[in-house]
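Good morning, and thank you for coming. Please keep the sequence and the structure in view while I speak.

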Amino acid sequence: MSERTRRSGGPRPAPAKLGVVGLGMIGLGLIGPIVAILLSATPASAHDNTSGGIALEINDRRVVGTAPVRFAELGYIDTSGDDLIDGAEVAAQEAALAPSIVDAVRDHVGLTIDGEATEIIGAGVAVAESEGAPAEASEYVSLRFATGPHDGDVSRLSLDWTFTSPSSEVVVARTDGVVVGGLDDSGTAAFSLDPWSSAVSFFGLGIDHIRFGPDHLLFLLVLTLAVVGAAVTRASTMAVVKLVTAFTIGHAISLCLVYLDVISVPASIVEPIIALSVVAAAVLALRGSSSEARPWIAGVIGLVHGVGFASSLGSLGVATANRPLALAAFNVGIDVAQTIVVLLTTGALWCVGKVLVDRTQWVRIPLSATAGLIGLVWTFSRLPF
């Protein structure tokens with residue numbers, strides 16, 4: 001051992017090696033959230049973004065709101081002992097509680113239009129229905145309320161909400177615009193009802209549909225794993241770009257066709273196929289052969305996913321005049337989100353590959369297998385029989 005080595009306490013690692021290890025740690029840090037998503041994903045459908053939210057419709061006379069609210073907060077009592085309420089229980093108590101419902105709503109809801117407080121003058125409840133069939137007993141009732149008349153066009157609206165609802169999302173709609181937002185931690189939300197605000201809200205909705213849509217998210221993650229294969233190279237990166245582009249074109253076409261009522265596909269068919277697409281991408285990733293992942297296949301799968309995307313916009317009831325704006329902003333939001341997902345996944349695999357040279361299957365195989373199993377669970381749970 002040299003005198004320099006003895007003084008320094010041992011040989012120093014090569015700087016290049018430290019750089020490679022650092023890249024590997026970064027890659028594993030990016031892979032970590034992916035693993036968490038895979039392991040925490042649930043079999044539920046991801047296309048019910050606003051179904052439990054608050055909807056405010058502005059017309060030329062008043063504001064009409066609808067939202068699910070816990071029945072006890074409106075004075076209703078569970079008479080069956082199951083901590084839920086059904087249509088019969090609502091009907092039996094409706095006459096006695098009708099006079100007090102407006103007061104309860106006034107205590108929990110505040111609306112301000114263009115800086116002036118607006119009075120709530122009427123309210124009522126009903127048991128929510130699903131596709132024309134009465135819903136089962138629930139801890140929520142469907143509240144509907146209306147304000148007094150307001151003057152002229154509405155440019156700004158503020159909401160204060162202290163009811164307990166299953167979702168914090170708020171949809172504000174009028175004949176020439178729709179804005180989607182959410183309550184903050186204090187139960188308030190403020191909206192500007194101009195075209196720019198509407199476009200921004202739909203852009204954010206598109207991003208959230210990928211961010212909080214586990215089936216679409218898992219498909220993108222596993223598709224990237226399948227195309228990259230054993231290593232991130234220039235060729236595999238170009239293959240990823242081609243497949244994501246084909247997927248984007250596919251979902252954009254079907255999203256427009258479904259949302260504009262040109263075609264109609266039942267959710268009972270679309271949802272299992274979307275889940276099955278995750279399984280198919282996982283199989284390709286496990287095989288490690290990017291040559292089997294053709295752009296036309298990604299385009300066809302994109303057509304199916306686009307039908308699922310359309311359900312989010314359809315649930316908002318966007319006015320016909322604003323459909324082009326909603327479609328454009330929503331599509332751009334989806335594309336930005338999925339591009340970020342693919343870039344993060346590819347970058348993470350590249351970093352890990354710098355450490356696990358020729359051993360990236362140690363990451364690809366367990367992630368793909370987990371995603372495939374989740375996709376199978378989703379598929380069977382979404383079958384209509």
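This is a predicted model: local features need pLDDT of at least 70, side-chain atom pairs count only at pLDDT 80 or more; totals for chains, interfaces and linings use all residues.

**An aromatic cluster and its surroundings**

One aromatic cluster is made up of Phe145, Trp161 and Phe163. Rings of Phe, Tyr and Trp, the last taken by its six-membered ring, pair if their centres lie within 6.5 Å; planes under 30 degrees apart count as stacked, over 60 as edge-to-face, and the rest as tilted.

Residues are numbered from 1 along each chain as its sequence is written, and side-chain values use heavy atoms, with hydrogens and water left out.

How many aromatic pairs does the structure hold? There are 3. Phe145 and Trp161 form a tilted pair, with 6.2 Å from centre to centre and 40° between the planes. This pair links distant parts of the chain, since Phe145 belongs to strand E8 and Trp161 to strand E9, 16 residues apart. Helices (H or I, at least four residues) and strands (E, at least two) are DSSP runs, numbered from the N terminus. Both Phe145 and Trp161 are buried; buried means under 20% relative accessible area, exposed over 50%, and partly exposed in between, with a 1.4 Å probe and protein chains only.

Phe219 and Phe247 also form a tilted pair, at 5.1 Å centre to centre and 35° between the planes. Here Phe219 lies in helix H5 (residues 214–228) and Phe247 in helix H6, 28 residues apart. Phe219 and Phe247 are both buried.

Let us turn to the sheet. In what order do the 6 strands of the open sheet lie? The order is E5-E8-E2-E1-E10-E11, with mixed pairing. From one strand to the next, the twist averages 15°. Axes are lines fitted to C-alpha atoms, for helices over the stretch in contact, and angles run from 0 to 180 degrees between N-to-C directions. Strands of a sheet pair through backbone hydrogen bonds, either parallel or antiparallel. Two strands pair if DSSP finds at least two bridges between them. Strand E2 (residues 63–70) and strand E8 (residues 140–147) run antiparallel and are joined by 7 bridges.

Next, the helices. Helix H3 (residues 87–108) lies across E5 and E8, at about 145° to E5. Pro99 is part of helix H3. Is Pro99 buried or exposed? Pro99 counts as exposed because its relative accessibility is 61%.

By contrast, consider His251 in helix H6 (residues 234–259). His251 has a relative accessible area of 0% and is therefore buried. Beyond its neighbours within four places in sequence, His251 is in contact (heavy atoms within 4.5 Å) with several residues, including Leu303, Phe309 and Asp335.

Finally, a word on confidence. pLDDT is the predictor's confidence in each residue, from 0 to 100. The mean for the protein is 77, and 76% of its residues reach 70 or more. Confidence is highest in strand E9 (residues 156–161), with a mean of 93, and lowest in strand E7 (residues 133–134), at 44. Over residues 20–30, pLDDT stays under 50.
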